[in-house]
Structures are given as C-alpha cells and as structure tokens.
Amino acid sequence: MAAEEAPAAALNYIPEVVLKKRKNNEQWAIRRKLQAEERAKRLKSESLFIKKPEQFIREYRDKELDLIQMKSRGKRRRRAPAAAESNLLFVIRIGGKNDMHPKTRKMLYSLRLRKVFSGVFVKASEGMMEILQKVEPYVTYGYPNFKSVKDLIYKKGVVKIDKERVPLTDNNIVEQMNVVEVYPYTRKSILDFLR
C-alpha cells in the first residue's frame, strides 16, 4: 500500500508550439523525400529523352529567322540622334534565348553581356549604335544620369588588379592600379571623368 500511495512521477511539460513545430517538420521531411524521389524518377526518364526531328527543324528555323531579323534591323534607317546628352551609354541585356543565331550571340558577348540583366558602360559612337540596333530585341540602352552612375560605381564598381576583381571600397584601391594615365586617382575623379 505504501508503494501505491507514493506520488506519481511528474510528466515533462512540452509547450504546444514545440509540438506543432515537430509535427510540421516531420510533414515537411516526408514531403521533401517524396519530391526527391519524383525528381529522381523524372531525371531518369528525361535521360532517355530523344529529340524529335521537328524540334531540330524548329530550332534551325528560329536561328535563321533571328539572323534575317538582325540583318534587316541593321539596314533600317535610324533617326538622327538629337544632340547627344553624353558620350556614355549604359546597356542592359533584358532578354535571351537559347536558339538565337550565333552572330547575334557573338555581338552580345563582344558587348560583355553574357547574362540577362547584366549591364555595361560603353562609349556612344556610330559603330556602337549600329551594333546596338542589331541586337535591339535583347538589350535596352540609354544615357545615364550622374546619380545613377555614381550609385553603380559605389555599389557594384570593381577593378582588376593583378588579374583579380577588387571592389572599389576606397580610393587607395584606385591608386594601386598600374595604369595611372588612363584612370584618375580617386572614385570621385572617376565619376568626374565619366561626366
């Protein structure tokens, strides 16, 4: 009887939030496991995928159409530019597709626009305007204002020192560059140079 009257061991208290979290984590783990299995099945079936001749024909026609359109854009007359705002253009790649003609891709690569939403500064010249007109569906361009140039240089500006990309965090980095004649000494003077 004495053993029966001893107080029962207290149960550990686990908050309801912790229990719900455990339940959700278990459900999430099961869901992820099923998704991984489905992905593995899909990859196995896709590895046996054979391209149909129609797909080859469609890709070839798309590439040829892209070449024809690029040539016609090059022949198109451009409006005479009203007094150019500056000699600097900012070009951003806005589109890209895998089946573009190799000449079009080569022009984009020569502009250093390999990825979508990458941007470069270029000098505004007749030759550059012709190239931009040929790749017009894939890029957008314009004359940047001083504020946007300044923000881009301060946030994303990098220089190559000894074949390494170094962010422009302070003026000492610009002073370390080997080509003193081409580049000014400070970030501020770089911005003045671009003005």
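Figure 1. At 67% relative accessibility, Phe117 counts as exposed, because the cut-off for exposed is over 50%. This is a predicted model. Phe117 is placed in the loop between H4 and E2. Its phi is near 70°, a positive value in a residue other than glycine. Arg112 also lies in the loop between H4 and E2. Arg112 is not a glycine, yet its phi is positive, about 65°. Why does Arg112 count as exposed? Its relative accessibility is 54%, and exposed means over 50%. Why are such phi values worth a look? Most residues other than glycine have a negative phi.

**Figure 2. The whole chain, as a guide to the close-ups.** The protein chain holds eight helices and five strands. Along the sequence, their pattern is α-α-α-β-α-β-α-β-α-β-β-α-α. The chain has 195 residues, and 21% of them count as buried. Take the contacts in the chain with a separation of 6 or more: residues 24 or more positions apart account for 62% of them.

Figure 3. Helix H3 covers residues 53–75, which is 23 residues.

**Figure 4. Asp62, a partly exposed residue of H3.** Asp62 lies in helix H3. Its relative accessibility is 27%, so Asp62 counts as partly exposed. Now find Met100. Asp62 and Met100 are 38 residues apart along the chain. Their C-alpha atoms are separated by 7.2 Å.

**Figure 5. Helix H5 and its buried side.** Which residues of H5 are buried? They are Met128, Met129, Leu132 and Gln133. These residues cover an arc of only 140° around the axis, which puts them on the same side of H5. An α-helix has 3.6 residues a turn, so residues three or four places apart point the same way. What covers the buried residues of H5 includes H3. Strands E1 (88–93), E2 (119–123) and E3 (139–142) also take part in this cover.

**Figure 6. The aromatic pair of Phe90 and Phe121.** How many aromatic pairs does a search of the whole structure find? The search finds one. The ring centres of Phe90 and Phe121 are 4.8 Å apart. Their planes meet at 50°, so the pair is tilted. Phe90 lies in strand E1 and Phe121 in strand E2, so the pair ties together parts that are 31 residues apart in sequence. Phe121 is partly exposed, with a relative accessible area of 26%.

**Figure 7. A charge over a ring: Arg114 and Tyr109.** Look for the ring of Tyr109. The charged end of Arg114 sits over this ring. The distance from the charged end to the ring centre is 4.3 Å.

**Figure 8. The nonpolar cores.** The largest nonpolar core has 17 residues. Those with the most contacts inside it are Val91, Leu108, Leu111, Leu113, Val122, Leu132 and Val139. Which elements give two or more residues to this core? They are H3, E1, H4, E2 and H5. H5 gives the most, with three residues. A second, separate core has seven residues. Val149, Val159, Ile161 and Leu168 are among them.

**Figure 9. Leu108 and its contacts.** Leu108 is among the residues with the most contacts inside the largest nonpolar core. Leave aside its neighbours within four places in sequence. Leu108 is then in contact with Arg93, Met100, Leu113, Val135, Tyr138 and Val139.

Figure 10. Pro137 is found in the loop between H5 and E3. Its relative accessible area is 45%, so Pro137 is partly exposed. Which residues does Pro137 touch, not counting those up to four places away in sequence? They are Arg73 and Ile94. Pro137 and Arg93 are 44 residues apart along the chain. Their C-alpha atoms are separated by 9.2 Å.

How values were computed. Residues are numbered from 1 along each chain as its sequence is written. This is a predicted model: local features need pLDDT of at least 70, side-chain atom pairs count only at pLDDT 80 or more; totals for chains, interfaces and linings use all residues. Side-chain values use heavy atoms; hydrogens and water are left out. Helices (H or I, at least four residues) and strands (E, at least two) are DSSP runs, numbered from the N terminus. The expected span of a helix is 1.5 Å times one less than its number of residues. Buried means under 20% relative accessible area, exposed over 50%, partly exposed in between (1.4 Å probe, protein chains only). The arc is that of the directions from the helix axis to the C-beta atoms. Contact means heavy atoms within 4.5 Å. Rings of Phe, Tyr and Trp (its six-membered ring) pair if their centres lie within 6.5 Å; planes under 30 degrees apart count as stacked, over 60 as edge-to-face and the rest as tilted. A charge sits over a ring if NZ of Lys or CZ of Arg is within 6 Å of the ring centre and within 35 degrees of the ring normal. A nonpolar core is a set of buried Ala, Val, Leu, Ile, Met, Phe, Trp, Tyr and Cys residues joined through side-chain atoms within 4.5 Å.
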